[in-house]
Amino acid sequence: MGTTISYFRRLAIVLLAGPALHSGAQAQGTVYKCVDEQGRVEFTDTARRGCKALDLPGYAPPAPPRASAPIPAVRPLNPGPAPAVSPASFPRVDTAQQRARDDDRREILNDELRIEQKKLADLRRDFNNGEPERQGNERNYAKYQERVASMRDEIGRTERNIEALQREIGNIR
């Protein structure tokens with residue numbers, strides 16, 4: 001990892017520091033850090049299995065409502081735009097054509113997945129469990145370590161690409 005900050009740490013910093021930097025921001029509930037079976041981190045405002053409430057400095061959770069006081073009805077000040085309705089002249093895609101598009105997309109994603117899986121197998125073979133062969137230009141051990149670290153990073157990126165492709169394939173109707 002070294003001096004670079006991982007994607008998830010940067011995301012956590014942005015999510016946690018964002019409201020503090022905005023003077024008008026007011027937290028509405030508890031923030032939970034969730035870690036799934038694959039080790040992916042997600043920040044959310046709903047408690048689920050594998051989630052832990054974060055103790056955020058400067059955050060005071062809202063007081064629970066008193067039992068004797070009625071809860072007033074809350075209306076949003078600006079409800080926002082109404083949901084968009086497509087006009088009658090908007091082009092429609094029939095079911096068969098959409099199914100064909102989805103099949104094409106699935107095929108393309110499966111091809112990309114196979115390429116990434118082959119790339120990962122090649123990277124792992126070259127990585128040789130963290131002991132890749134030294135190249136002729138790597139007389140300096142620091143240069144060798146730098147290449148090993150970049151190989152490790154590339155393996156991690158490829159694994160994340162594979163996970164993302166598998167999620168996308170799973171999302172196709």
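Predicted model: local features only at pLDDT ≥ 70, side-chain atom pairs only at ≥ 80, totals over all residues.

Visitor: Sheet first. What's the strand order?

Guide: The order is β2-β1-β3, in an open sheet of 3 strands with antiparallel pairing. β2 (41–44) and β3 (51–53) are at the edges with a single partner strand each, so one side of each has no neighbour in the sheet. From one strand to the next, the twist averages 25°.

Visitor: How many bridges between β1 and β3?

Guide: There are 3, and β1 covers residues 32–35. Cys34 has Cys51 in β3 as its bridge partner.

Visitor: OK, aromatics. How many pairs turn up?

Guide: A search of the whole structure gives 1 aromatic pair. Tyr141 and Tyr144 have ring centres 5.7 Å apart and planes at 35°, so the pair counts as tilted. They're 3 residues apart in helix α3 (residues 141–171), which means about one helical turn separates them.

Visitor: What lies over the face of Tyr144?

Guide: Arg134 does, at 5.1 Å from the ring centre.

Visitor: Switching to Arg105. Where is it, and what does it touch?

Guide: Arg105 is in helix α2 (residues 95–127). Leaving out residues up to four places away in sequence, Arg105 touches Glu168 and Ile172. Arg105 and Glu168 are 63 residues apart in sequence, with a C-alpha to C-alpha distance of 9.7 Å. Arg105 is partly exposed, at 36% relative accessible area.

Definitions and conventions
Residues numbered from 1 in each chain as written. Heavy atoms only, no water. Helix = DSSP H or I, 4+ residues; strand = E, 2+ residues; numbered from the N terminus. Buried < 20%, exposed > 50% of the residue type's maximum accessible area, 1.4 Å probe, protein only. Contact = heavy atoms within 4.5 Å. Pairing = 2+ DSSP bridges. Axes fitted to C-alpha atoms, helices over the stretch in contact; angles between N-to-C directions. Phe/Tyr/Trp six-rings, centres within 6.5 Å; stacked < 30°, edge-to-face > 60°. Lys NZ or Arg CZ within 6 Å of the ring centre and 35° of its normal.
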